[in-house]
Amino acid sequence: MIINQLLPTISYGDAVSNSAVNIMKILHDMGIKSSIYAQNIHPKMEKYAKHYKECPKKDPLIYHLSTGSEVVSELLTIRAKKIVYYHNITPPHFFNGYSGVSRMLCEQGRNQLRELSDQFTFSLAASEYNRLELEQNRYKNTQVMPIIINYEDYDQAPDNTVLNDTLQDGWVNLIFVGRIAPNKKQEDVIKTFFYYKKYINQKSRLILVGSYQGMERYYEELLRLIKTLDLSDVHITGHLPFNQIIAYYKSAHLFLSMSEHEGFGVPFVEAMKFDLPIIAFKSSAVGETISNAGLLTLDKDYILTAELIDYVLRDTHIQQRLKFNRAERLNYYSKENTSLSFRKFIEQIVDRL
């Protein structure tokens, strides 16, 4: 038995790419041959993947749908039964005025989402939010399958040059981790921090961890906002090596998200892993991912959210309650649990491929 995987890009450290590698290893453990095929392959991932043009036509396939891609033309030539794994595609309107390329890829991806439903016999989704989108687009046999996350990756040593910096000076460090992009709404995080720092706790800083490559217009807009608000102590890191990201997580006191579109949200799970209280605007798959492991806001009242940050950081009872809930949620997303779910899925369908 062979079940291959196809995806537009396999990157180093990317959640979708890591999940594809984990899926391949599970299939191998089950005695099923499996290879990964991609159009764009990071040099560090060449040992895991081959070019998509080499993908066999007669073997069953899992296609990771997360953006528009020309690999779909290859997908259409594969005659075997296929499984889609939908990670969601950001609505294109978020990129208006910021990135024509990102808007085009998202439009293409959304069009492909609508057009490809008859290509797949089975459909996986990283969240219930994603599964409902599949159903709305007439995909068959839909099922939620959370991304397989390697918790052990976060146990590596942090970069001490970050930890030994001024981040451990007794100030409150608020953090958000994610690509600097309009759908993540970092401007709303900054506005919330403005009220928290000015009216509640002057000894505080905000750290926005994430690359702004390709989103330079949005990044410049954030810098202008920071200047307009006359804010100090806002740090936008840009792209970082993983051990520095770990260091920032370890130095943080609370994870704050105002994102308006997440198909899953791996950084929320990361924040749980680093035992951080989470406050997040409830949108898309955010509430589903966090569940009761954090506090969810229903509107973007910056003043009330700033007060909520202060409440959470001061109240030991709510901290203990959230800590207990985080442990339960982390168990749900554990590699053991998600791997078992995927294994059971394959066992149930293998005779139908």
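Select the loop between strand 8 (172–177) and helix 6 (186–200), and within that loop pick out Lys 185; the model on screen is a predicted one. With the backbone of Lys 185 displayed, the torsion to read is phi, which is positive at about 55° although the residue is not a glycine. Most residues other than glycine have a negative phi.

Next, move to the loop between helix 10 (286–290) and strand 13 (295–297), where Ser 291 is found. Ser 291 also is not a glycine, and its phi is positive, at about 55°. In terms of surface, Ser 291 counts as partly exposed, with a relative accessibility of 32%.

For the last stop, select helix 9 (residues 266–273) together with helix 12 (residues 316–332), which pack with their axes 9 Å apart and at an angle of about 125°. That angle makes helix 9 oblique to helix 12, and the crossing of the two helices is left-handed. To see what forms the contact, show the side chains of Val 269, Met 272 and Lys 273 in helix 9, which meet Arg 326, Arg 329 and Leu 330 in helix 12. Coloured by class, this contact of helix 9 with helix 12 divides into 3 nonpolar and 3 charged residues, with no polar ones.

Definitions and conventions:
Residues are numbered from 1 along each chain as its sequence is written. This is a predicted model: local features need pLDDT of at least 70, side-chain atom pairs count only at pLDDT 80 or more; totals for chains, interfaces and linings use all residues. Side-chain values use heavy atoms; hydrogens and water are left out. Axes are lines fitted to C-alpha atoms, for helices over the stretch in contact, and angles run from 0 to 180 degrees between N-to-C directions. Helices (H or I, at least four residues) and strands (E, at least two) are DSSP runs, numbered from the N terminus. Angles under 35 degrees count as roughly parallel, over 145 as roughly antiparallel, 65 to 115 as roughly perpendicular and the rest as oblique. A crossing is left-handed if the near helix is turned anticlockwise from the far one by less than a right angle, and right-handed if clockwise. Contact means heavy atoms within 4.5 Å. Ala, Val, Leu, Ile, Met, Phe, Trp, Tyr, Cys and Pro count as nonpolar, Asp, Glu, Lys and Arg as charged, and the others, Gly among them, as polar. Buried means under 20% relative accessible area, exposed over 50%, partly exposed in between (1.4 Å probe, protein chains only).
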